[in-house]
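Colleague: I'm new to this one. Could you walk me through how to read its helices?

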Amino acid sequence: MALLNFRKRGHAAPATPPAAVQALLKDYSIEVMPRTAEKVENFRDLLPEGTRVYIAHIEGTPIEDMVATAKRLAEDGYPVMPHFPARIIKDRATLADWIARYQGEAGVDQALVLAGGVTHPHGDYDSSMQLLESGEFGKAGFKRLHVAGHPEGNRDIDPSGGMENVTAALKWKQAFADTSDAEMALATQFAFEAGPIIEWADSLKAADIDLPIHIGIAGPAKLQTLIKFAIACGVGPSLKVLQKRAMDVTKLLLPYEPSEIISELAAHKAANPDFNITNVHFFPLGGIKANATWAIENAGASGVPASALQ
């Protein structure tokens, strides 16, 4: 599949050996919601065996729907990582209840712990750090805990647009990880340029933050859809990649695909094996099937769906 070129003419991205792309996409993860999961008839026709599936918990989604989705995915053989957004969790009893439901009905033992995009907290919690400090995940024996990363900053945390508070929070989470029995990693917001992502990842290592990075990548989608989600999610400077594309009438109606950013990150990883981006996490903004199909077509052995191996 041809790589999309967002650069000036005459500066095409260098070709990346397919093996490097396959290596980067190995053990990729993907995010769903209960309502998007309902549209998928059979996940095993789309996702590789063992794919970690995050379940985004949007404000207003009943916990019963979240747990039912987790149970379905677990029964299909996929490890499930539900979101635990601090600002929609009323209190510690609610947190413990959610954990017990996920464990009891779907065998869940991992979580993405984050603040959540709600402006006004529903109860006692305002940050992911408070959820981690509660000790409830450790008490339940959760084996893996992921926390949020922001390659382009987060104005909810740093209103000025800087990185000071975001970095301080990551240092706290690194210290927590150093004493936790759970495996921890960063799952990041999506961005559209490889260069700034690489710089950010290197800056974390320089700050002695060595949590593995699961880099957020937007899956194939219509350009208008992508811009809408990017603005809503607070994507920063790399949004200009989409805006530039929108001004090119020859590309305006073509769907965006993540080929170029994946290629560049894969090339960097191949040249720097100790690079701290270890996995890709897909946001299927154009649909789960479209994202999975792109992975099947571009990831080689790393994208083969589970049903094809039966």
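**Helix pairs and faces**

Modeller: Start with a pair: helices α3 and α4 cross in a right-handed way. Right-handed means the near helix is turned clockwise from the far one by less than a right angle, and left-handed means anticlockwise. Helices here are DSSP runs of H or I with at least four residues, and strands are E runs of at least two, numbered from the N terminus.

Colleague: At what angle do the axes of α3 and α4 cross?

Modeller: Axes are lines fitted to C-alpha atoms, for helices over the stretch in contact, with angles from 0 to 180 degrees between N-to-C directions. Those of α3 (residues 63-75) and α4 (residues 92-106) cross at roughly 30° and come within 9 Å. So α3 is roughly parallel to α4, a label for angles under 35 degrees.

Colleague: What should I know about the model itself?

Modeller: This is a predicted model: local features need pLDDT of at least 70, side-chain atom pairs count only at pLDDT 80 or more, and totals for chains, interfaces and linings use all residues. Residues are numbered from 1 along each chain as its sequence is written, and side-chain values use heavy atoms, leaving out hydrogens and water.

Colleague: Which residues are buried in α12?

Modeller: Buried means under 20% relative accessible area and exposed over 50%, with partly exposed in between (1.4 Å probe, protein chains only). In α12 (residues 288-298), the buried ones are I288, N291, A292, W294, A295 and N298. They span an arc of only 155° around the axis, so they sit on the same side of α12; the arc uses directions from the helix axis to the C-beta atoms. Exposed K289 and E297 are on the face turned away from that buried side.

How values were computed: Angles under 35 degrees count as roughly parallel, over 145 as roughly antiparallel, 65 to 115 as roughly perpendicular and the rest as oblique.
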